[in-house]
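Visitor: Please take me through one part of this model at close range, and then show me what lies around it.

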Amino acid sequence: MNFTLKNQDATSARLVVSVQEADYAALVEKTLKNIKQKANIPGFRPGMVPMGLIKKQYGTSVKAEEINKLLQTKIFEYIKENNVDMLGEPLPDAEQQSTIDLANGTDFDFEFRIALAPQFDATLTKDDNIAYYRIQPTDEMIEGQVKAYAQRCGEYKQVEAYENGDMIKGSIAEVAEGGIEVKDAVMMPSYMKNDEQKALFDGKKVGDVITFNPNVAYDGNAAELSSLLKVEKEKVAEVTGDFNFTVTEITRFVASELNQNVFDAAFGKDVVKTEEEFRAKIKENIASQFEVESDYKMMLDARTYLMNRVGKMEFNEEILRELMMANRADENATIDDETFQKSLTELSWHLIKEQLVKKAGIKIDENDILGAAKEATRAQFAQYGMGNVPDELLENYAKEMLKQDKTREMLVNRAIDVKLISVIKESATLVEEEISVEDFNKKVSEND
C-alpha cells in the first residue's frame with residue numbers, strides 16, 4: 001500500500017492511496033472461508049458449498065468491505081506517523097471513486113480530499129496584557145451569609161406573643177353547637193392565603209382565643225383544611241363556618257447567637273474563634289467563589305485578545321462544509337451561512353486553545369477530572385450556604401456525576417481549562433482591577 005500526499009494550497013491537500021491485491025487478498029480469503037463454513041445454500045450441506053459459488057455470490061462485497069476497513073486503519077496510521085495537521089477526517093473524492101471497478105480490478109487508487117489546519121502562533125508572553133477583575137464582596141453579601149449560618153444553628157423556643165412565622169398550638173372548635181373539635185391542633189398562620197384572617201393572630205398570647213374562618217383563611221384548600229380539622233378531604237367543602245382557636249403554646253425558630261458552635265459548624269472546629277475572624281473568613285470564601293467568575297471572564301478576554309492577534313484563519317470552507325453535512329444528525333437538515341461561520345469561529349478558538357495546551361504540555365488524568373467534579377460539587381453546596389462539606393461526601397457526589405457521559409465530557413474540558421487558566425496567568429501580564437458585582441456583570445454581558 002502506497003501513499004502520496006500533495007498540498008493543493010495552504011488549506012487543502014489530496015491524498016492518493018494505492019492498494020495492491022497483495023494488501024487485501026489474504027483478508028478477503030479468510031472472510032470468504034468463514035462465510036463458506038456458515039453459508040446456508042439450498043442443495044449443499046453446511047460447509048460444503050463450493051468456494052467458486054461463494055466467491056461469485058459474496059466476492060465483490062467482501063472485497064469492498066475488507067478494502068474499506070484496511071483504508072480506514074492505514075490512512076489514520078499514515079496521518080499520525082507523518083504528523084499531517086488535518087481538520088476532521090479525509091473526505092473521499094466521490095467522483096474519482098465512482099469510476100473504480102472493484103468487481104473486475106485488482107489494484108486500485110483511492111483519492112481523498114483533506115482540509116489542512118491553518119498555521120499560526122498563539123504564544124503568550126509578559127508583553128501581552130489581559131484584564132483580570134477581582135470582584136469585591138459587599139457588606140450585604142457578608143451579612144446575608146452570617147445570618148444564614150446563624151439560622152442553621154438556631155433552635156425552636158417557646159414565646160409569649162405571636163409574630164409572623166411562629167407556630168401555634170392549641171384547641172380548635174367550631175362555633176356552631178356540636179361542631180368539629182380538635183384538641184392538639186398545630187398551625188402556622190403565616191401560611192394562610194387570606195391576609196385579613198392572618199392578621200387576626202398578630203400579637204396574640206398564650207390563653208387568648210381567636211375566632212377565625214379556616215375555609216376563608218386557606219382559600220378552601222382541601223389538603224390544608226383536612227390536615228388542620230382532621231376531616232376527610234371530600235367533606236371539607238361543607239365546613240364553612242367560624243372556629244375558635246385557644247392558644248396553648250407559641251413556638252418560634254430563633255437564630256443562634258454568633259458563638260463557637262456557629263463558627264465550628266461553618267468552617268470546622270476552631271478554624272475561627274471570634275466574630276471578626278468569622279466575618280473575615282466569610283468574605284474570603286465569597287471572594288474565592290468569585291475568583292471562578294473572574295477566571296471565566298479572563299478566559300473570555302484572552303479568547304478575544306488571541307483571536308484578534310492571530311487574525312482571521314483561512315480554511316477550506318468547501319471541504320469543512322461537506323464534513324459538517326456528512327456528520328449532521330438529520331440528513332435533511334441544512335447548514336445556513338450564519339451557523340457555518342459561527343462554527344468556523346468556534347473552530348478557530350478550539351485550534352488556539354489546542355496549541356496553547358500543547359505548548360504548555362498540559363495533560364490531565366483521572367485525579368484532575370475527579371478534582372473538577374469535586375469543585376463543581378463544592379460550588380453546588382456553597383449555593384446553599386454549606387461551606388464545610390466533608391471531603392468524603394464531596395468525592396461520593398463527584399463520582400456519581402462522572403458516571404454520566406455528557407457530564408464527564410464537560411468536566412474533562414473543565415479540568416483542561418483550569419490548567420490552561422493557570423498557564424495564561426503565568427504567561428501573560430494580568431492587569432488587575434477591583435470591581436463591584438454589578439459592574440462585573442455588565443462587563444461579562446459585553447462578551448455575549
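In which sense do strand β6 (residues 155–158) and strand β10 (residues 243–254) pair, and over how many bridges?

Guide: Happy to! β6 and β10 pair in the antiparallel sense, over four bridges. Before we go further, please keep in mind that this is a predicted model, where local features need pLDDT of at least 70, side-chain atom pairs count only at pLDDT 80 or more, and totals for chains, interfaces and linings use all residues. Residues are numbered from 1 along each chain as its sequence is written, and side-chain values use heavy atoms, leaving out hydrogens and water. Helices (H or I, at least four residues) and strands (E, at least two) are DSSP runs numbered from the N terminus, and two strands pair if DSSP finds at least two bridges between them.

In general, strands of a sheet pair through backbone hydrogen bonds, either parallel or antiparallel.

Five bridges join β7 to strand β8 (residues 181–187), and the two run antiparallel. Among these strands' residues, Lys-169 has Val-186 in β8 as its bridge partner. β7 and β8 form a hairpin with six residues between them, and Gly-178 in the turn has a positive phi of about 75°.

The axes of helix α8 (residues 260–267) and α9 come within 11 Å and cross at roughly 20° (axes are lines fitted to C-alpha atoms, for helices over the stretch in contact, and angles run from 0 to 180 degrees between N-to-C directions). α8 and α9 are therefore roughly parallel to each other (angles under 35 degrees count as roughly parallel, over 145 as roughly antiparallel, 65 to 115 as roughly perpendicular and the rest as oblique). The crossing of α8 and α9 is left-handed, meaning that the near helix is turned anticlockwise from the far one by less than a right angle, with clockwise being right-handed. Val-262, Phe-263, Ala-266 and Phe-267 of α8 make this contact with Glu-275, Phe-278, Lys-281, Ile-282 and Asn-285 of α9 (contact means heavy atoms within 4.5 Å). By class, the contact of α8 with α9 has six nonpolar, one polar and two charged residues (Ala, Val, Leu, Ile, Met, Phe, Trp, Tyr, Cys and Pro count as nonpolar, Asp, Glu, Lys and Arg as charged, and the others, Gly among them, as polar).

Helix α4 (residues 139–152) meets α9 as well: their axes come within 10 Å and cross at roughly 115°. That makes α4 roughly perpendicular to α9, and the crossing of α4 and α9 is right-handed. From α4 come Met-141, Ile-142, Glu-143, Gln-145, Val-146 and Tyr-149, and from α9 Phe-278, Arg-279, Ile-282, Lys-283, Ile-286 and Phe-290. The residues of this α4–α9 contact divide into eight nonpolar, one polar and three charged.

Another partner of α9 is helix α11 (residues 337–360), with axes that come within 10 Å and cross at roughly 100°. α9 and α11 are therefore roughly perpendicular to each other. Met-299, Arg-303, Leu-306, Met-307 and Val-310 of α9 meet Thr-345, Glu-346, Ser-348, Trp-349, Ile-352 and Leu-356 of α11. The contact of α9 with α11 counts seven nonpolar, two polar and two charged residues.

Elsewhere in the chain there is an open sheet of four strands in the order β1-β2-β4-β3, with antiparallel pairing. Its edge strands, β1 (2–7) and β3 (86–92), each pair on one side only, and neighbouring strands of this sheet are turned by 25° against each other on average, direction ignored. β1 and strand β2 (residues 12–19) pair over six bridges, with Val-17 in β2 as the bridge partner of Phe-3. Helix α10 (residues 317–327) lies across β2, β3 and β4 (108–116), running at about 80° to β3.

Stepping back, the protein has 15 helices and eleven strands. Its radius of gyration is 36 Å, well over the 22 Å that the globule rule gives for 448 residues, so the protein is more spread out than a compact globule (the radius is taken over C-alpha atoms, and the rule is 2.2 Å times the number of residues to the power 0.38). For a sense of the distances, the C-alpha atoms of Thr-31 and Arg-252 are separated by 81 Å.
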